[in-house]
Amino acid sequence: MIVGLFGGTFDPPHVGHVALAKTALRELGLGRLLVLVAGTPPHKPVETDAEARFRLAQAAFANVPGVEVSRRELDRPGPSYTLETARWASAEFGDPVLIVGADEFADFLGWHEPDEILEHVRLAVAERAGYDHARLETVRTRLRRPGRVAYFAFDPIGVSSRDVRARLAAGESVDGLVPPAVAHVIGELGLYRSAA
Ligand code: ATP
C-alpha cells in the first residue's frame, strides 16, 4: 500500500487543499494519505494556535476516505522538519510519497537537504496545466536522484488560506472557499475576526 504525505499550515484548510488530497489519492493510487499539520513552520509565521489548526484540518478532511490528519508535526519547530518527517515516514511506511505543489517544488533546492529528503520519500509534484514545466525540470535534474520525482496533473482552485483569512477579517463570506464543517469550527472558535 502506498502512503502519501501532505503537509501544510492549514491556516485554515480550504477547498483547494481538499481537492488536492482527493486528486492525489486517485491519481497516485494511494492507500492512505496523511495530512500533516505543521506546528511552527520555519518559513512563515503562523498566528493561529496549532491545536485550532489541527481541529480545522480534522473538520476539512472528515469526509474524505483514506485521509488521516496527523499530529506528528505539531509542536515540532526547527528548520529541518521535512527531513525529520521523511525519515520517520520511511521507517513507518516503507517508501512514502510526499505531495508538493509545483510552486513549492520550484523552490525545492532551497529546502534543508533536499537530496537527503529524497532518500527517504519520493516526491509527487502537482502540476497545473500551463505551469512552466522546464523550470520544474531544471530543479528535478539537479537532484541526486531525479527518478524519485514524478508529476501528476492537478488544476488548483483559485483559493488560498491568506485570502480566506482576509475575507473573514473583513466580515465577508467564505462560502464555497472552505468546507462547511471548517466554517463551523471557525465560527465556534471565533478565529480570524480581526485583521490577519
Ligand atoms: P497561505 O495562503 O497561508 O500561504 P496556503 O493556502 O498556501 O496558505 P498551506 O497550508 O501553506 O496553504 O498549503 C499547504 C499545501 O497546500 C501546499 O502544498 C500548497 O501547495 C497546497 N495548496 C495551497 N493552496 C492550494 C490550492 N488552492 N489548491 C491546491 N493546493 C493548494
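Close-up 1. For Val 159, a backbone N or O atom is placed 2.8 Å from a nitrogen atom of the ligand. Arg 165 contributes a polar side-chain atom, 3.1 Å from an oxygen atom of the ligand. Of the 600 Å² of accessible area that the ligand has on its own, the protein covers 82% (Shrake-Rupley method, 1.4 Å probe).

**Close-up 2. The shell around the ligand.** The ligand is surrounded by 20 residues, and the closest are Glu 104, Ile 157, Val 159, Ser 161 and Arg 162 (a heavy atom of the residue within 4 Å of the molecule). The shell comprises seven nonpolar, nine polar and four charged residues; Ala, Val, Leu, Ile, Met, Phe, Trp, Tyr, Cys and Pro count as nonpolar, Asp, Glu, Lys and Arg as charged, and the others, Gly among them, as polar.

Close-up 3. Strand β5 (residues 122-127) is largely enclosed by the rest of the structure, because five of its six residues are buried (under 20% relative accessible area, 1.4 Å probe, protein chains only). Helices (H or I, at least four residues) and strands (E, at least two) are DSSP runs, numbered from the N terminus. Strand β4 (residues 97-101) pairs with β5 in the parallel sense over five bridges, where pairing requires at least two DSSP bridges. Within this pair, Ile 99 stands opposite Ala 124 of β5. Strand β6 (residues 149-153) also runs parallel to β5, joined to it by five bridges, and Ala 153 in β6 is the bridge partner of Glu 127. A right-handed β-α-β unit is made by β5, helix α6 (residues 133-141) and β6; with the strands pointing away from the viewer, the path from the first strand over the helix to the second runs clockwise.

**Close-up 4. The surroundings of His 120.** His 120 is found in helix α5 (residues 114-120). This residue counts as buried, at 17% relative accessibility. The side chains of His 120 and Ser 90 are joined by a polar contact of 3.5 Å.

**Notes.** Residues are numbered from 1 along each chain as its sequence is written, and side-chain values use heavy atoms, with hydrogens and water left out. As the model is predicted, local features need pLDDT of at least 70 and side-chain atom pairs count only at pLDDT 80 or more, whereas totals for chains, interfaces and linings use all residues.

Notes: Polar contact = N/O pair within 3.5 Å; in protein donor to acceptor, adjacent residues only side chain to side chain. Buried < 20%, exposed > 50% of the residue type's maximum accessible area, 1.4 Å probe, protein only.
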